[in-house]
Amino acid sequence: MNRTTKSKFSKLIDDTTVNIILPTNCESPFEVKFLNSNRVPKKHDIEKIKISIEQTNALHIKPIVAYYNVENNTLYLIDGQHRYEAAKIIGVPVHVKVTEDYDPLWMSVLNCNQKNWTLRNFADMWSKDGPQARTYQIFIEYLERYDITAGLLVALFQDETDRDTKDGGNREFKTGQLTNQHLTKVQTRLSQLESVKHVAANPPIEQRTFKKQQFQQAMLKALATKDFNLDKFLNNLYCAKHAFNKLARQSDMLVEIFRILRKRGK
């Protein structure tokens with residue numbers, strides 16, 4: 001921050017905390033520890049944050065919160081232990097807001113009141129401006145028009161039938177790289193899914209069943225299977241009994257789809 005900008009905020013400086021830059025690739029002037037009452041960092045979460053930092057390092061605008069104990073010269077991390085561990089792996093410094101006071105209630109307040117961004121939040125951000133805006137606007141239009149989860153809609157845009165769970169999940173989508181390359185196929189698949197919605201009568205497919213990720217993924221896998229006959233499946237589904245409302249696993253739903261497909265016209 002330059003001198004002119006700093007002067008604008010000179011009367012608003014908060015002296016109850018100290019902001020420091022803490023190196024993670026060399027020895028620290030004090031010991032760094034986690035508080036026993038905090039969550040144990042999970043490897044999967046650390047890996048996701050590591051990937052995020054490597055793509056866009058915004059650690060300086062979201063400092064870690066820590067309590068400094070003068071007596072044992074130790075910095076205890078209150079909030080941001082996953083960011084700290086990820087930064088250590090990469091070897092980049094972290095920005096820390098340090099306090100000499102500590103209330104155990106801060107731990108629950110800081111962790112329970114945070115809300116992670118949903119895929120819809122990312123879509124809203126990227127739809128506002130830029131060359132990718134129109135693609136994300138279409139994504140939002142489809143999300144509002146059809147009963148499909150955001151994760152599966154991203155998969156359709158990527159010409160996949162399963163949600164992306166690797167490398168932190170939906171990385172390209174979250175970084176504004178969604179494309180309209182498969183848009184025609186997306187529209188076709190959404191229409192095909194919609195055609196299944198109200199066909200069954202014995203019993204009707206419940207709304208909660210139709211909106212299950214497992215059911216939608218099973219249908220998308222079936223539709224992507226060579227020689228799958230959607231018209232035949234719909235005709236059979238209208239007459240046949242089905243167990244979709246009782247099933248929970250994608251694999252079981254896929255078996256049920258093909259059982260119904262083969263039920264007549266052998």
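Helix H3 (residues 81-90) lies across E1, E2, E3, E4 and strand E5 (94-99), and runs at about 120° to E4. Helices (H or I, at least four residues) and strands (E, at least two) are DSSP runs numbered from the N terminus; contact means heavy atoms within 4.5 Å. Axes are lines fitted to C-alpha atoms, for helices over the stretch in contact, with angles from 0 to 180 degrees between N-to-C directions.

The model is predicted: local features need pLDDT of at least 70 and side-chain atom pairs pLDDT 80 or more, whereas totals for chains, interfaces and linings use all residues. Residues are numbered from 1 along each chain as its sequence is written, and side-chain values use heavy atoms, without hydrogens and water.

The 5 strands form an open sheet of mixed pairing, in the order E1-E5-E3-E4-E2; pairing requires at least two DSSP bridges. Strands E1 (18-22) and E2 (31-34) are at the edges with a single partner strand each, so one side of each lacks a neighbour in the sheet. Neighbouring strands are turned by 40° against each other on average, direction ignored. E3 (residues 64-69) and E4 (residues 74-79) pair in the antiparallel sense over 5 bridges, and Tyr68 has Leu75 in E4 as its bridge partner.

Ile13 is located in the loop between helix H1 (3-8) and E1. At 61% relative accessibility, Ile13 counts as exposed (over 50%; buried is under 20%, partly exposed in between; 1.4 Å probe, protein chains only).

Helix H11 (residues 213-223) has 8 of its 11 residues buried, so H11 is largely enclosed by the rest of the structure. Among the buried residues are Phe215, Met219 and Leu223.

| Helix | Residues |
|---|---|
| H7 | 150-157 |
| H9 | 183-196 |
| H10 | 207-210 |
| H12 | 230-239 |
| H13 | 250-261 |
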